[in-house]
Amino acid sequence: MLYKTDAEIVLMKEAALLVSKTLTEVAKILKPGITTMDIDKLCATFVKDHKAIPSFLNYRGYPYTICASVNEVVVHGFPNKKNLKEGDVVSIDMGVILNGWHGDHAYTFILGEVSNEILQLVRVTKESLYKGIEQAIINNRIGDISYAIQEHTEKKYGYGVVRELVGHGLGRSLHEDPQVPNYGKRGNGPKLKENLVLAIEPMINLGTRDVVTESDGWTVRTKDGKPSVHFEHDVCVKRDKALILSDYSIIETAEKANTNLNSKYY
Ligand code: MF3
Ligand code: CO
């Protein structure tokens, strides 16, 4: 496993923060009527204007800057030209390379009114991310993170925890060791040491955990067609408390200020 120096962590924070800033721009303009292709263009321009490279574009042939996963799409949705509508649950996931270092994180937005069931799914998925992050401290193991996420979502609320996709190490590459599953046992897996950087990313389904991948080779949907939510933070392992490199506070401020977005779950 690759451990970063403190100087490298500073650079990685800049990369993660650029993704947060891009998602903040998305939070400002999201509303019914715009398309995920519009969002892809906005993100591509913003990243280039900040002297960074979109990291998903051409990664194993992925054809866009962002992943835009709406409603029953779990992750890796292609941006398209359909108008977003009231009630849509929209996950935007994006990665950049800045000064050679990767940032990769995601946020789920709600357009207008949705059921309490969906509000709860969004709230609990975000909570589970922070429960996982609490475990990202030295001498814990990856399984402690996995267990915390699974407990809060599957055990407590009966949600489906996707097994086929996992979080990951992050650094000069988008995907480094170790894998970070959103399910597992306490005390299992690799031990965490200081300055290991992890992308922790719960993918949580309202219904069953089963997913199917579309014939485009990327789009992952829930098998039962029920909605799914995805949040992702970039996190640096520390002694007493993990350092979160990405920043939801700027996204959340924009989200709350945008009357087209539903932030009633706070
Ligand atoms: N956050 C996702 C991941 O880490 C997004 C990758 S999309 C891809 O796997 F296009 F880059 F593959
Ligand atoms: Co990721």
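Biologist: Which residues come nearest to ligand 1?

Modeller: Asp93, Asp104, His168, His175 and Glu232 come nearest, of the 13 residues around ligand 1. Being near takes a heavy atom within 4 Å of the molecule. This is a predicted model: local features need pLDDT of at least 70, side-chain atom pairs count only at pLDDT 80 or more, and totals for chains, interfaces and linings use all residues. Residues are numbered from 1 along each chain as written, chains are lettered from A and ligands numbered from 1 in written order, and side-chain values use heavy atoms, without hydrogens and water.

Biologist: What makes histidine 168 a polar contact of ligand 1?

Modeller: A polar contact is a pair of N or O atoms within 3.5 Å; within protein, one must be able to donate a hydrogen and the other to accept it, and residues adjacent in sequence count only if both atoms are side-chain atoms. A side-chain N or O atom of histidine 168 is 2.7 Å from an oxygen atom of ligand 1, so the pair qualifies. Glutamate 232 has a polar side-chain atom 3.0 Å from a nitrogen atom of ligand 1. The protein covers 94% of the 330 Å² of accessible area that ligand 1 has on its own (Shrake-Rupley method, 1.4 Å probe).

Biologist: How do you know how many disulfides there are?

Modeller: A disulfide needs a pair of cysteine sulfur atoms within 2.5 Å. The count is zero. For cysteine 67, the nearest cysteine sulfur is that of cysteine 43, 11 Å away.

Biologist: Why is cysteine 67 called buried?

Modeller: Its relative accessibility is 3%. Buried means under 20% relative accessible area (1.4 Å probe, protein chains only), so cysteine 67 counts as buried. Cysteine 236, at 0%, is buried too.

Terms used
Buried means under 20% relative accessible area, exposed over 50%, partly exposed in between (1.4 Å probe, protein chains only).
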